[in-house]
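We will go from stop to stop, selecting as we go.

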Amino acid sequence: MNEVITVNGQSLAVKEYEGKRVVTLKEIDAVHQRPDGTARKRFNDNKEHFIEGEDFFRIDQPSEIRTLGITRPQGGIPESVILITESGYYMLVKSFTDDLSWTVQRALVNSYFKVKQVQATSPTVPVYGSTASEEVRRRERCGRVKRVRSNRHILQK
């Protein structure tokens, strides 16, 4: 499966493991524009709340890692990889509460995790190519976001 979905300007190769769509911690950092290691730290800080096989998978077999197309930036295959499922993603990003994160969360869920349901009802898959900051500006123009001190935003219903 070589399907690629764009979320917040980042291309994500679709990965499935044991019938579930999964993302890596590094991909979560990239789409949320967080420093490398942020998602891993949040995962490790709250590990006791995650259920292996439901919220995440730990893969340590090189052949499985290679099959998923995951490599190190310096080349080769990592010793192990943590794959986050949709439920694990929801739990992990609970603490990401800025407007960019809310927009990215919606886009990632709708265009990556929920794509199987969308494909069942429609022949096309939505791709969210606009950046989250563009989405915030669009909502601002529509009156659904109010700018407050220090460039933070509040969503309005």
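**Before you start**

This is a predicted model, so local features need pLDDT of at least 70 and side-chain atom pairs count only at pLDDT 80 or more, while totals for chains, interfaces and linings use all residues. Residues are numbered from 1 along each chain as its sequence is written, and side-chain values use heavy atoms, with hydrogens and water left out.

**Stop 1**

Strands (E, at least two residues) and helices (H or I, at least four) are DSSP runs, numbered from the N terminus. Two strands pair if DSSP finds at least two bridges between them.

Now zoom in on strand 5 and strand 6 (residues 81-84). Four bridges join this antiparallel pair. Look for arginine 58: isoleucine 82 of strand 6 stands opposite.

**Stop 1: the helix across the sheet**

Within helix 5, pick valine 109. Is valine 109 buried or exposed? It is buried, with a relative accessible area of 9%. The cut-offs are under 20% for buried and over 50% for exposed, with partly exposed in between (1.4 Å probe, protein chains only). Leaving aside neighbours within four places in sequence, valine 109 is in contact (heavy atoms within 4.5 Å) with Glu86, Tyr89, Tyr90 and Lys114. Valine 7 is 102 residues away in sequence, yet its C-alpha is 9.8 Å from that of valine 109.

**Stop 2: the largest pocket**

Show the surface. The largest pocket holds about 620 Å³ of space. Select Thr24, Lys26, Glu27, Ile70 and Thr71: of the 24 lining residues, these are the closest to its centre. Strand 2 (10-13), helix 1 (25-31) and strand 6 are the elements that give two or more residues to the lining. Helix 1 has the largest share, five residues. Colour the lining by type and you get 10 nonpolar, seven polar and seven charged residues.

**Stop 3: glutamate 79**

Go to the loop between helix 3 (62-67) and strand 6, where glutamate 79 sits. It is exposed, at 68% relative accessible area. Beyond its neighbours within four places in sequence, glutamate 79 touches Ile59, Asp60, Ile65 and Arg72. Glutamine 61 is 18 residues away along the chain, and the two C-alpha atoms are 7.7 Å apart.

**Stop 5**

Most residues other than glycine have a negative phi. Where does glutamate 18 lie? It is in the loop between strand 3 and strand 4. Glutamate 18 is exposed, with a relative accessible area of 59%.

Finish at glutamine 33, in the loop between helix 1 and helix 2 (38-45). Here too phi is positive, near 50°. Glutamine 33 counts as exposed, at 53% relative accessibility.

Notes. 1 Å grid on protein atoms, 1.4 Å probe; cavity = no way out; pocket = protein on both sides within 12 Å on 5 of 7 lines; lining within 4 Å. Points joined across faces, edges and corners; volume = space filled by probe spheres on them. Nonpolar A, V, L, I, M, F, W, Y, C, P; charged D, E, K, R; others polar.
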